[in-house]
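Morning, everyone. Please have the picture up on your screens, and we will walk through it together.

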Amino acid sequence: MQEKTYELLLLIAPDKTEKQHNDLIESVKKHVEELSGKVVNEEIWGLRELAYRVNKHEQGFYVLMDLLMPGEAVKEFENFLRLEQAVLRHMISIPPHEYEPIPYDALKVEEEKLKKGKLTERFDASAKAKQQAVKKAKLEEVTVKEEAKPADEAKAEVKEEDISEALDAKLSKIIDDDMEI
Amino acid sequence: MAKTANNRPITIKRDETRNLFKKKCSFCEYKIPYIDYKNVTTLRDYMNYYSKIKPRYYSGNCLRHQKMLSKAVKKARVMALLPYCT
């Protein structure tokens, strides 16, 4: 079988000391070399908050590795990872050849910007005050229109009364004229 | 309204208006060949407040990139980088 480059992401329980973490990583590397593979790159992310609880832990220790090994040995390697108690999650994937992954330092900076920039805009007290001010302005516009309307209606009523009086006077004239004839 | 030399208004046909008001795929502009499941910041932009994947109609992605996106989000959810629900 030909050899391929695989990418490994490990999630390890955080309750352990540094020695135990390092011993775990070295045992994983030994197992890879037993299956005729090589470890090309290694990147230790360290402790990081999780999006949801995993086995009652709220933090996790992440490790990234690049491996060069034949395809038949991947199944045995996954069995070894499943049986280990300290390894909670693992993910083996095949990235394309020309792809260069982003280093973890740059990812951290972007995540901090996300937390400060967008979330505070949604849940700030000043944002609520702005919304309430906008609502008040809309209510004032509606009340101004309603006050203008009754004034116009009153003028119209006055005009109607004058018109009706004039019509009554005309009617009386017509009737009187007819009677005269 | 703009006018031509004969003082007639310029009108746009119906088929051409679709291209003007259509939303374009933000991945195709930069010609991204692969979406990584470790870029949590870019993936979060295409998700709901309740951390659900937005449909293609709202995000404007092409079919190819939408499928890559959904696979990356589901991988990240397994590794506890993104939540299943808030």
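**Two chains and what lies between them**

Let me start with chain B: its secondary structure comes to 5 helices and 0 strands. Helices here are DSSP runs of H or I with at least four residues, strands are runs of E with at least two, and both are numbered from the N terminus. In order from the N terminus, the elements of chain B read α-α-α-α-α.

Some ground rules. This is a predicted model, where local features need pLDDT of at least 70 and side-chain atom pairs count only at pLDDT 80 or more, while totals for chains, interfaces and linings use all residues. Residues are numbered from 1 along each chain as its sequence is written, chains are lettered from A and ligands numbered from 1 in the order in which they are written, and side-chain values use heavy atoms, with hydrogens and water left out.

Back to chain B. Of its 86 residues, 34% are buried. Buried means under 20% relative accessible area, exposed means over 50%, and partly exposed is in between, with a 1.4 Å probe and protein chains only. Now take contacts in chain B between residues at least 6 apart in sequence: 53% of them join residues at least 24 apart. Contact means heavy atoms within 4.5 Å.

Now chain A. It has 4 helices and 4 strands. The order from the N terminus is β-α-β-β-α-β-α-α. Chain A has 181 residues, and 24% of them count as buried. For contacts in chain A between residues at least 6 apart, 73% join residues at least 24 apart.

Next, the strands of chain A. Two strands pair if DSSP finds at least two bridges between them. Start at strand E1(A), residues 3-12. Of its 10 residues, 7 are buried, so E1(A) is largely enclosed by the rest of the structure. Which strands does E1(A) pair with? One is E3(A), residues 57-70, joined to E1(A) by 10 bridges and running antiparallel. There, Leu11(A) has Tyr62(A) as its bridge partner. Another is E4(A), residues 87-93, which pairs with E1(A) over 6 bridges, also in the antiparallel sense.

Look for Glu49(A): it stands opposite Gln59(A) in E3(A). E2(A) and E3(A) form a hairpin with 2 residues between them. In the turn, Asn55(A) has a positive phi of about 50 degrees.

On to the place where the chains meet. The size of an interface is often given as the accessible area lost when the parts come together. Here chain A and chain B bury about 2,000 Å² between them, 64% of it on carbon and sulfur atoms. That buried area is the accessible area, with a 1.4 Å probe, that the two parts lose on being put together, summed over both. On the chain A side, Tyr52(A), Met91(A) and Tyr99(A) lose the most area to chain B, together 26% of what that side buries. The contact takes 26 residues from chain A and 19 from chain B.

One residue of chain B deserves a stop. Where is Lys38(B) found? Lys38(B) sits in the loop between H2 and H3 of chain B. Is Lys38(B) buried or exposed? Its relative accessible area is 5%, so Lys38(B) is buried. Leaving aside residues up to four places away in sequence, Lys38(B) touches Glu7(A), Leu9(A), Trp45(A), Leu64(A) and Leu107(A). The C-alpha atoms of Lys38(B) and Leu82(B) are 9.7 Å apart, with the two residues 44 apart along the chain.

On a 1 Å grid over the protein atoms alone, a cavity is a set of points where a 1.4 Å probe fits but cannot get out; a pocket is an open set with protein on both sides within 12 Å along at least five of seven lines; lining residues have an atom within 4 Å of a point. Grid points are joined across faces, edges and corners, and a volume is the space filled by probe spheres set on the points.

How many cavities of 30 Å³ or more does the search find? The whole structure has 1. The largest cavity has a volume of about 60 Å³. Its lining includes Trp45(A), Leu64(A), Leu107(A) and Lys38(B).
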